[in-house]
Amino acid sequence: MVDRPNKPAALASTPGLPPQPQVNISHDNSRVSAVLPTGESVDVLLFGATVISWKDRAGNEKLWLSDAAKLDGSKAVRGGIPLVFPVFGTAPDHAATSSLPQHGFARNSKWEFLGKSSSESSPSTSPSDASVKLDFGLSSATLDEKSKSLWPFTFSAIYSVTLTTEGLSTGIVVTNDGQEPFEFQTLLHTYLRIKDITKIEVTGLEDSEYIDKVDGAKTKSQSGAVTITGETDRVYTPAKGPSSPVIVSEGGSEIFSVLRDNLKEIVVWNPWTEKAAGMGDFEPKDGFKNMICIEAGSVRGWTALEPGDVFNGAQTISY
C-alpha cells in the first residue's frame, strides 16, 4: 500500500469500500499509532521503537506501562515492549559488549519509521481480516556517536510491529553489513497486563531447564505450571519446540498465548515488592500485582552473524 499525502478526498469515501486501517504519526514525530477498522490499536514510541500500548477492540489495554515511565526519550521505557539488543543485561566477560549499557542501545536509540503495509478490507472480505504492519529502522549509520564507539560494528536492523484482530506480532531482522563477524543477544521484553499476579499460571514450560537469576544463577528444572510467589527472574529454554505456545492463564482462564519464531528462550520476570520499591520509574509500587513479563529472546550464549548474514526473530501474542 502506497501512501499519497494529497490523495483526493473522494477516494476516502469510495462507495462500497469498507473502513481501512488508520496509521498516524504524532505532531512531534515521537510516536506512531495504528487502529484497525474493528477497533484494535497499537502505539509505538520512536524512542527505542517501544510498543507502549496495545488494546483490543473494546479498548482494554493488554500491556502494562509504569505510571512513571519516561516517554520523552530521557531513558528507556519501563513497560510496554522494550527491545533488547545487542546484549541482554550486562556482559562484563564479553569483550565486544562489555561497555554497553544494560540491555544494549536499541531501547535507548531513536528509530526511524520506515512505513506501513496493510491487508485492506474489500467489499468481499470482512473488516476482521484487516491487519497493519509498522516497520522501524536502526543502523550503525543512524546510531549516536557514543553507541557507535561502544559497539563499532556495521549493521542494520528492521523491527516490525504487526497488529491483527487476533493479536500482536513483533519481530526483528538484523543484518551484518560489515566486513567482520559480530555476536549479539536480543529479547522482546514484553510486560503483559494482568489483574492479579497471585492467580497467574504459566504453562508450556513444563520440564524445561531454566537459570534462576534470583538464586545465584543456579540451573533448575521446571515441574508443573509456573506460579509467581515472590521476585522471579528466570531464563527458560523451553523443552517444547517453538510451535508450542507459552500460555498465561488467570484464575483458570487463558488470557495470553505467546509463540516464538527463531527465539530460543523465554524469560519470566516479576520484580515483586522490594525490587519494585527500589526502581524509581516503577509506579505504582504495587504495580507488580498487575504485570508479568513473558519475554521471548535469544539470550543464553551468543548469536554470531558473519558478514552479509541475516538474523530473523519474532513473537506472536494472542488473547
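1. I294 is in contact (heavy atoms within 4.5 Å) with L188, T190, L192, V202, V246, V248, V258, I266, V267, V268 and Q315, not counting residues up to four places away in sequence. The model is predicted: local features need pLDDT of at least 70 and side-chain atom pairs pLDDT 80 or more, whereas totals for chains, interfaces and linings use all residues. Residues are numbered from 1 along each chain as its sequence is written, and side-chain values use heavy atoms, without hydrogens and water.

2. I294, together with Y159 and I292, touches the most other members of the largest nonpolar core, which has 78 residues. Such a core is a set of buried (under 20% relative accessible area, 1.4 Å probe, protein chains only) Ala, Val, Leu, Ile, Met, Phe, Trp, Tyr and Cys residues joined through side-chain atoms within 4.5 Å. Strand β19 (residues 291-305) supplies the largest share, 7 residues; strands are DSSP E runs of at least two residues, numbered from the N terminus.

3. An open sheet of 8 strands runs in the order β6-β7-β8-β9-β20-β17-β16-β12, with antiparallel pairing; pairing requires at least two DSSP bridges between two strands. Its edge strands are β6 (112-119) and β12 (200-203). Strands β16 (residues 246-250) and β17 (residues 253-261) pair over 5 bridges, and S249 has E254 in β17 as its bridge partner.

4. D56 is located in the loop between β4 (50-55) and β5 (83-84). D56 is classed as buried because its relative accessibility is 9%. A polar atom of the D56 side chain lies 3.0 Å from the backbone nitrogen of A58. Beyond neighbours within four places in sequence, D56 is in contact with G39, E40, K62 and Y319.

Notes: Helices (H or I, at least four residues) and strands (E, at least two) are DSSP runs, numbered from the N terminus. Buried means under 20% relative accessible area, exposed over 50%, partly exposed in between (1.4 Å probe, protein chains only). A polar contact is a pair of N or O atoms within 3.5 Å; within protein, one must be able to donate a hydrogen and the other to accept it, and residues adjacent in sequence count only if both atoms are side-chain atoms.
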